[in-house]
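Look over the sequence and the model first.

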Number of protein chains: 6
Amino acid sequence: MEHSRFERGMQNLSNIDGEAGHKVIESLQDICPDLARFTIEYPFGDIYSRPGLDLKSREIATVAALSALGNCKPQLKVHLNAALNVGCSENELKEVILQMSVYAGFPAALNAMFAFKEVLDER
Amino acid sequence: MEHSRFERGMQNLSNIDGEAGHKVIESLQDICPDLARFTIEYPFGDIYSRPGLDLKSREIATVAALSALGNCKPQLKVHLNAALNVGCSENELKEVILQMSVYAGFPAALNAMFAFKEVLDER
Amino acid sequence: MEHSRFERGMQNLSNIDGEAGHKVIESLQDICPDLARFTIEYPFGDIYSRPGLDLKSREIATVAALSALGNCKPQLKVHLNAALNVGCSENELKEVILQMSVYAGFPAALNAMFAFKEVLDER
Amino acid sequence: MEHSRFERGMQNLSNIDGEAGHKVIESLQDICPDLARFTIEYPFGDIYSRPGLDLKSREIATVAALSALGNCKPQLKVHLNAALNVGCSENELKEVILQMSVYAGFPAALNAMFAFKEVLDER
Amino acid sequence: MEHSRFERGMQNLSNIDGEAGHKVIESLQDICPDLARFTIEYPFGDIYSRPGLDLKSREIATVAALSALGNCKPQLKVHLNAALNVGCSENELKEVILQMSVYAGFPAALNAMFAFKEVLDER
Amino acid sequence: MEHSRFERGMQNLSNIDGEAGHKVIESLQDICPDLARFTIEYPFGDIYSRPGLDLKSREIATVAALSALGNCKPQLKVHLNAALNVGCSENELKEVILQMSVYAGFPAALNAMFAFKEVLDER
C-alpha cells in the first residue's frame with residue numbers, strides 16, 4: 001500500500017537523517033511536494049528499509065558516492081550527519097573520505113573533508 | 001622507506017584484489033611501470049593498510065563510488081571481486097549497487113549490476 | 001497499492017520502451033529482480049505516468065540528460081528508441097544531441113550521435 | 001558571414017535568455033570578450049536558430065542536461081528563466097527536474113529544484 | 001565569412017588529427033553532416049587556430065581534460081594521436097596521464113594509460 | 001625514505017602553489033592531518049617532482065582537467081594561481097579555459113573563466 005511506503009520512509013528518514021532530513025522535506029513543500037514524497041518513498045521507504053545491508057554500511061556507501069561525485073555538498077552533509085547518527089565514528093568517515101582520493105582524485109577528497117569539518121562544527 | 005610502502009602495497013594488492021590486481025599491474029609494465037608502482041604504493045601501501053576502517057567497509061565504499069561515477073567498469077569489476085574476497089556477500093554488494101540508483105540514477109545502478117553479473121559469471 | 005504501481009509501470013514500459021525495455025527487465029531476473037521491480041515501479045510507474053508533461057517532452061529530456069552524462073550508452077540507446085516510439089522525429093533527436101555539444105562538449109555530442117546511428121541501423 | 005552569426009546570436013540571446021543572458025555576456029567583457037563572442041555565435045547563432053526543434057523543446061533539453069550534470073547552477077538558473085520565457089510552464093519544468101531523479105539521482109533533482117525555487121523567487 | 005572558418009578548420013583538422021580526424025568527419029556524413037561541419041568550424045576553425053597558445057600545449061590540455069572526464073575514449077585516442085603529431089613526446093603524454101591520478105583518481109589515469117597503449121600499438 | 005617525499009613535496013608546494021597551498025594544508029590540520037600529508041607526498045612529492053614534463057605544462061594540464069570536471073572550484077583557483085606562478089601568462093590560461101568549451105561545454109568554460117576573474121582580482 002502506498003501509505004505504508006510513505007510511513008516507513010518517514011520513520012527511516014527520522015531515524016537516519018534526523019532533523020536535517022525533515023528540513024529538506026519541508027523546504028520542498030512550496031515548490032514541489034511530490035519530490036518530497038518521492039524522496040521519502042523511494043530512498044527511505046524502499047531502499048533504506050531493506051534487510052540485506054546494515055545501516056552503517058549503507059551510509060558508508062552513500063558518503064563514498066557523494067564524495068566521489070563531488071557536486072552535491074548539501075546531500076553529502078546530510079549523510080555525514082546520518083552516518084554519525086547510525087553509528088559510524090568520526091574516524092571511520094574520515095577514512096572513507098580519504099580513500100576517495102584514490103578513486104575520484106584529491107580535489108574530491110579535500111572538498112568532502114571540508115564538508116565534514118563543517119558538519120562537525122555544526123553539531 | 002619507499003621499499004616498505006611498495007612491499008606493503010603488494011601484500012595488500014594480493015590479499016584484496018588477488019590475481020585481477022596483479023594482471024592490472026603487469027599490463028602496465030610495458031607502457032608506464034611508474035603508474036603501476038604508484039598504484040601499489042599509494043592506494044594499497046598507504047590507504048588500504050590504514051587501521052581506522054575494516055577492509056569490508058573499504059570495499060563497500062569503493063564499489064559505491066565506482067558504481068556512482070559510472071565511467072570505470074574495469075576497476076569496478078576488480079573491486080567487486082575484491083569485495084567478495086574480503087568478506088562481502090553477494091547480496092550485500094547487490095544492495096550497495098541498488099542503493100546507487102538513489103544517488104547516481106538508475107542507469108548507473110543498472111550498469112553496475114550488469115558488471116556484477118559478469119563478475120559472478122567469471123568466478 | 002504496490003501492485004498498481006507495478007502494473008502501471010509495466011504498461012508504460014511496454015508503451016514507451018517496447019521490446020528493449022522488457023529485455024533489460026528480463027536480464028535482471030537472475031541477478032537482482034528487485035532492481036527490475038524498482039525500475040518498473042519508480043521511473044515507469046511513478047514518473048512517466050504523471051500528467052504534467054507529455055511523453056515526447058519527457059523523452060527529449062531523457063535523451064538530453066543521458067547524452068550529456070555520457071556514461072550510460074545502453075540506456076541512451078533504449079531511450080532513443082523510446083523517443084522515436086512516442087513520436088519524436090529522427091531530426092528532432094539529432095537536434096537534441098547536436099545541442100548537447102553546447103552544454104556537455106563535442107565528445108558527448110559525437111558519442112551520442114554515433115549511438116543514435118546504431119539505433120537507426122538496428123531498427 | 002561572421003557578422004550575421006553574431007547578430008543572429010544576439011537576437012536569439014535576447015529573445016531566449018533576456019536580461020540574464022546579457023549580464024553573462026557583459027561580465028565576460030573585462031576577462032575574455034572572445035568567450036562572450038563565441039557563446040553568442042555558436043550556441044545562440046548556430047544552434048538555437050536551427051529550425052528542426054522548437055525553442056520550448058530546446059529549453060527542456062537544456063534544463064534536463066544541466067540538472068543532470070549538476071555542476072553548473074548559474075547556467076541552469078539562466079535556462080530555467082529562458083524556459084519560462086519561451087513558453088514552458090512552471091509545472092512542466094518541475095516535471096523535467098523531477099524526472100532527473102531517475103537518470104542522475106535524487107541529489108541532482110533536489111539541487112535543481114532548489115535552483116528553480118530561487119529562480120521563481122527572483123522573478 | 002563562414003566558408004573561411006570551415007576551410008581553416010579543415011586545414012587544422014588535417015594538420016592536428018590527421019587521418020583519424022577525417023574518419024570521424026566522414027562517419028558523421030550519413031547521420032548528421034551538420035555536426036561534422038560544426039566540429040570543423042568551432043573547435044578547429046575558431047579555437048585551435050587562435051594564436052595565444054601553442055598547439056603542443058593545446059593538446060596537453062585536451063588530453064588532460066579527456067583523461068579526467070573518463071567517458072570519451074574515442075576522442076581521447078584521436079587527441080593522443082594528435083598530441084604526438086604536433087610534437088608531444090610519448091613520455092610527456094604519459095606524464096600528463098599519470099598526473100590525472102591526482103585530479104580525477106587512479107581509475108581515470110589507468111583507463112587513459114590503457115587507451116594510450118592502444119594508440120601506440122596502432123601507430 | 002618517507003621523510004624525503006614529504007620534504008620534496010613541501011618544497012614543490014611552496015614553489016608552485018605558494019601561500020594558497022600552505023593554507024589548504026593548514027586548514028586540514030584539525031580535521032585530517034593525514035590527508036594534508038598525503039596531499040604533500042603524492043601529488044607534490046611524487047608527481048610534480050618528476051622530470052618528464054615541465055611545470056608550466058603540468059599546470060596547463062591541471063587547469064584543463066579541473067575546468068572540465070567543473071566541481072572543484074577551490075582547487076581550480078589554487079592551480080590558476082600556481083600556473084601564473086610557474087610562468088603561464090594570463091592569456092595562455094584564458095586560452096586553456098576557452099578551449100574547454102569544446103570538450104566539456106560552455107557552462108564549464110564560463111564557470112572556469114569566472115573563477116579566473118576572481119583569481120586575478122585577488123592577486
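This is a predicted model: local features need pLDDT of at least 70, side-chain atom pairs count only at pLDDT 80 or more; totals for chains, interfaces and linings use all residues.

Residues are numbered from 1 along each chain as its sequence is written, chains are lettered from A and ligands numbered from 1 in the order in which they are written, and side-chain values use heavy atoms, with hydrogens and water left out.

Q: What kind of axis relates chain B to chain A?
A: Chain B is laid on chain A by a turn of 180° with a shift of 0.0 Å along the axis, and the RMSD is 0.0 Å. The two copies are thus related as by a two-fold rotation axis.

Q: Do chains B and A meet through the same surface or different surfaces, and what percentage of the interface residues of chain B tells us?
A: Contact means heavy atoms within 4.5 Å. The copies meet through the same surface, because the interface residues of chain B are also interface residues in chain A at a level of 100%.

Q: How much area do chain A and chain F bury between them?
A: Buried area is the accessible area (1.4 Å probe) that two parts lose on being put together, summed over both. The contact takes 15 residues from chain A and 16 residues from chain F. Carbon and sulfur atoms hold 74% of the buried area, which is about 1,400 Å².

Q: Which side chains form the salt bridge between chain A and chain F?
A: A salt bridge is a side-chain nitrogen of Lys or Arg within 4 Å of a carboxyl oxygen of Asp or Glu. The count between these two chains is one. At 3.1 Å, N to O, the partners are A:Lys117 and F:Asp30.

Q: Which residue of chain F pairs with B:Arg50?
A: B:Arg50 sits in the loop between helix H3 (33-47) and helix H4 (55-69) of chain B, and its partner is in helix H3 (residues 33-47) of chain F. Helices (H or I, at least four residues) are DSSP runs, numbered from the N terminus. The closest N and O atoms are 2.8 Å apart, and the partner is F:Asp34.

Q: Is B:Arg50 buried or exposed?
A: Buried means under 20% relative accessible area, exposed over 50%, partly exposed in between (1.4 Å probe, protein chains only). The relative accessible area of B:Arg50 is 15%, so B:Arg50 is buried.

Q: How many residues apart in sequence are the parts tied together by C:Asp46 and C:Arg8?
A: Their side chains meet in a salt bridge of 3.8 Å, N to O. C:Asp46 lies in helix H3 (residues 33-47) of chain C and C:Arg8 in helix H1, so the parts tied together are apart in sequence by 38 residues.

Q: How many residues of H4(D) are buried?
A: This helix is mostly covered. Of its 15 residues, the buried ones number 13.

Q: Which side chain of opposite charge is nearest to C:Asp17?
A: C:Asp17 lies in the loop between helix H1 (2-16) and helix H2 (18-28) of chain C. Lys and Arg count as positive and Asp and Glu as negative; His and the chain ends are not counted. C:Asp17 is buried yet has no salt bridge, and the nearest opposite charge, 9.6 Å away, is on C:Arg123.

Q: What separates the C-alpha atoms of A:Val119 and A:Lys77?
A: A:Val119 is found in helix H7 (residues 106-122) of chain A. At 0% relative accessibility, A:Val119 counts as buried. A:Lys77 is 42 residues apart from A:Val119 along the chain, and their C-alpha atoms are separated by 6.2 Å.

Methods:
Helices (H or I, at least four residues) and strands (E, at least two) are DSSP runs, numbered from the N terminus. Copies are superposed by least squares on the C-alpha atoms of residues with pLDDT of at least 70 in both.
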